[in-house]
Amino acid sequence: MNSFFERRYVISGIFLVIILILLSRLFYIQIIDPRYAIYANNNVRRPVIYNAARGPILDRTGKPLVQNVAFYDIMVTPKQVKPFDTAEFCKLLGIDRPTFDKQWTRAVKYSSYQPSIFEKQISATDYASIQERLSEFPGFTSTPRYLRTYPDSVGAQFLGYIGEVTDDKINHSHGYYHPGDLVGITGVEKSYEAVLRGQRGIENWMVDSRNKRKGKYANGMFDTAAVAGQRLTSSLDLDIQKLGEQLMHNKVGSIVAIEPSTGEILCYVSSPTYDPNLMVGRERGNNAEKLYENPYSPFFIRPIQAKYPPGSSFKPLSALIALQEGIITPSTSYYCPGYYIAGNRRFKCNNGEAHGEVDLSSAVAKSCNGYFMMVFQKIMDRYGARQTEQMFTQWRAQVNKFGLGTKLDLDMPGEARGNLPTPLHYDNIYKHGGWRSSTILSLAIGQGELLATPLQMANLECIIANHGYYYKPHLIKAIGAQNVIKKEYLERNYVGIDSTNFEPVINGMQEVVESGTAIRSKIPGIIMCGKTGTAQNSHGDPHSIFVAFAPRDHPKIAIAVVVENSGEGAHWAAPIASFIVEKYLKGSISPREEINPEYFMNANKLPDIPTYNIKTKPQAPANDTSKKQKKDSSDKAKGLKSAGNDDGKSLAGKRSTKKGKG
Amino acid sequence: MNNQRSFFFNVDWVTVFIYLALCTIGWFNIHSAVLDPKYHGILDFKTDYSKQFWYIIAALVVAIIVLLLESRFITALAPAFYGVSILLLMVVLVIGRNVGGNQAWLSLGGGVRLQPSEFAKFTTCLLLARYLSSVNVRVTELRSFSVALAIIGVPMVLILLQPDMGSTLVFYSFIFVLYREGLSPYFLVISALFITLFLTSILFSPLSVIAVISIVVLLIILLFRKNKKLVMTMLAGLAICIAFVFSVKFIYNHVLQPHQKVRIDIVLGIKNDPRGQGYNVNQSKIAIGSGKLWGKGYLHGTQTKYSFVPAQSTDFIFCTVGEEWGFAGSLAVLGLYTALILRLIFLAERQRSPFSRIYGYGAASIIFFHVMINIATTIGLAPVIGIPLPLISYGGSSLISFTLLIFVLVKLDSNRMGIV
């Protein structure tokens, strides 16, 4: 029939081979290669993240310290943008043309079809005028974002601030944080981040090729709801916190007040401070820049980071240890000729003023250096000069129990441990066995290498107020709506001094206020027990220090006030402390004959910038030329210097964070 | 009576069944690809699937009419059909509607458009069969071969002017018909050689391609140097190849349109442009690849439903098949096509009349070519040239012309015992 009949097989064969090629390719992309299913998933699945509202922070009576307020981000979807008057738009947003171009390029680079942030954090007032006209610019939309706001502008160093999360943190968060998330950077915002941030919600949507939502992915199976952050009830008392910040205005220093029966911190002033609202919103970067440039470092958290020689405020502790050791009794007396002689050296007592015959209580009340040096030497030389090191080690351990030279484990980042010298420290200076009780005698009066933070000083007063124990000081009283209290804050920490030993010391402290150095700070109707301190330091006037607790029976407040470079403790720190105590205990400040709060609020005791800026000019030791003193002061300067350096470091760190945010 | 009975007995129900299966599969996939939850109507002629529904009804009517016609009528009118389609191809160049860069459509009013190039394939097939089955015509003879080439070439040129590269290339499938009728197998070999040369000379520098083929040719000449005729042929072939390689660069750079160049580049892997020119193919591959073995289920494809894949109801309809029915579905559809093509070849071979046989091969080749290029395009094995998947792709012209193509053969076959 046809000579080419067999060619049907050739043709069929060619067809079949080509179809087999197609089939094997289909088999490869559909069954073998897993990438396409993932691509398809990525095409349609759009996780939409709902940020949880950050938990508010309240004061101890429930008044808000931090709330959330709506700000607005202007978003842009480049593909939806129609030609518009750029100049007009820039004017509306209050930006210039180069900024516009930069932000536009960034948005286009991010995605043409997906919205991204064009301009961040516009306040509700600015937004009101923008909102009316935003519809004239298709493609631009707005989205609310909740930022922190501080109704009373107090407690900046306590509250800290939040900022965009760094890349490093994102990488270490196991996928929790995403770029642009806000996290606590300092203060409570940082230490309670996990409680405050809440749980982010995710909705998985399916979108079409134009990014239009088409329905829930997998019927919402992988969606989670946002859970708002828990509220924190802080231990601060808004009223005295406000008063404290006013009193410390134009001064450098801190106030720390603690409720002895709980360890709750009532007042936490770091001065100079700043308005925490400055660290929110669009001007945040500029504001932060200015604050960093402030020579008094408002970001330095003085209550826990500044270290001062406690000075005379340390004397009650000296006395307590001696009583406990049985070295002295309350009636042990000493004749003060206006100086104290140890070995071949002579130490002046309070500018050479002779106290005459003093016992323990009056030594505390009159702040007699000689008495406490005598007591200190008795302890150190109890078993002879050869045992000095061993005795010092014992003494040091006892002081350490009071929380000096150690971190008190405050629920805040950045706590310093102060300084409590070790035997090794003296070995290094004077070689092993080369130092005696007289060498380290200034420790007896809270000078020398001894450094304490205001928090440690206030805690010391709690211990005295409680007759021998303290609760860990803390700033957050309760977590969440259930007011959960951390267990560790309910435990008493005993310091190893019998409660009976406290009475004579407290008698002396009462006398300080009743008739002693701090008589001007006596509060009508309240028995306050306190101790002034005047800490010599290497740069300028001594620091004015006052520690106290009140009332004497069933104490409700223990306080430490430091006003840097302002002179004697009785002049500045003590009155300020008394106002705080009175306000806290009575709710108001009654008029007094000699002093009024307004005077202290208005006084300017800011140190000169050149002398304050110790980084540039470490001061030479002042009056005493003895070897030991020289060592001490240069050491002190070193300590302060290192504090300054730390500060500088953290500044640099913060600056770079800020830069990252652009 | 007898005639009526034999009519039903003689219709090849296997072909009819495959035809109906493919049309049904087509309709469901179009329905899924373009489903708009707001319009559910199937009869309202508003959506693609509603239109396709009516096109299928129309195609069935056409099929029945074809079956009722006299076979003689079909052969007799072949030149007329051809003439009309050539005329329409000319008319479309003048008053046609331009859609997607191709001036390929004649508007018939009411939203219905006719694509003459679809019908030209069918009429060319008819006329070619008619000519090659004439007495004294042999493909092996130059004159007959030239006439056959002219019959194929005229519509090709007219379609190329639209310019519809895809439909033009479809006419190349007639090479199988000519081969079956006696064309030298060298034409197939040379075709394959030229396609390979074309692709390699785009991929590599012309000089290296020429160097390689020169070495091969010289080796052959060295081996068979005693056969003078072979040596001469090889040398001539080499010359042609060299000329071709250089002309490829020229054609590629100066004749092809930029988008065609890019499409070729993408298939060859020279360019990777998943957001621009390569978007279609990339999304199409994602759609098909994400179907896995069993697919995402009817109406559950995300790639196609959410319009990531363009032209999803026409040229890229296979994406819906691959995505929603998986490899199983792909295998079933390709299986049906294979069965259809082999069945058409089987029908062609059992014809007594050369006309029917040649026509049958033409039909099989055209369908094969469409299936091969269309599916290869969707999985990135061929450049995007835009030809429909027979019976499945949305489109009335295409559906009806394939119906004609198939049912004319069924009609001829049912009548194979008679004399045409």
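Predicted model: local features only at pLDDT ≥ 70, side-chain atom pairs only at ≥ 80, totals over all residues.
View 1. A residue is called buried if 20 or more other C-beta atoms lie within 10 Å of its own, exposed if 12 or fewer, and partly exposed in between, with C-beta atoms placed from the backbone. Leaving aside residues up to four places away in sequence, A:Ala458 touches A:Val256, A:Ala257, A:Ile258, A:Val547, A:Ala558, A:Ile559 and A:Ala560, a contact being a pair of residues whose C-beta atoms, placed from the backbone, lie within 7 Å. Residues are numbered from 1 along each chain as its sequence is written, and chains are lettered from A and ligands numbered from 1 in the order in which they are written.

**View 2. Packing of helices H10 and H20 in chain A.** Helix H10 (residues 238–247) and helix H20 (residues 573–586) of chain A pack at an angle of about 160 degrees, with their axes 10 Å apart; axes are lines fitted to C-alpha atoms, for helices over the stretch in contact, and angles run from 0 to 180 degrees between N-to-C directions. H10(A) is therefore roughly antiparallel to H20(A), a description used for angles over 145 degrees, while those under 35 count as roughly parallel, 65 to 115 as roughly perpendicular and the rest as oblique. On the H10(A) side, A:Asp239, A:Ile240, A:Leu243, A:Gly244 and A:Leu247 meet A:Ile576, A:Phe579, A:Ile580, A:Lys583 and A:Tyr584 of H20(A). The residues of this contact divide into 7 nonpolar, 1 polar and 2 charged, where Ala, Val, Leu, Ile, Met, Phe, Trp, Tyr, Cys and Pro count as nonpolar, Asp, Glu, Lys and Arg as charged, and the others, Gly among them, as polar.

**View 3. The contact between chain B and chain A.** Chain B contributes 36 residues to the contact and chain A contributes 28 residues. Helices H8 (174–180), H13 (279–289), H14 (302–305), H15 (317–349) and H16 (354–378) of chain B are the elements that give two or more residues to the side of chain B that touches chain A; helices (H or I, at least four residues) and strands (E, at least two) are DSSP runs, numbered from the N terminus. H15(B) gives the most to that side, with 11 residues. By class, the side of chain B that touches chain A has 20 nonpolar, 11 polar and 5 charged residues.

View 4. A:Glu264 counts as buried because 23 C-beta neighbours lie inside 10 Å. Not counting residues up to four places away in sequence, A:Glu264 touches A:Ser235, A:Ile258, A:Glu259, A:His474 and A:Lys477. A:Glu264 and A:Lys472 are 208 residues apart in sequence and 8.2 Å apart in space, C-alpha to C-alpha.

Key. Contact = placed C-beta atoms within 7 Å.
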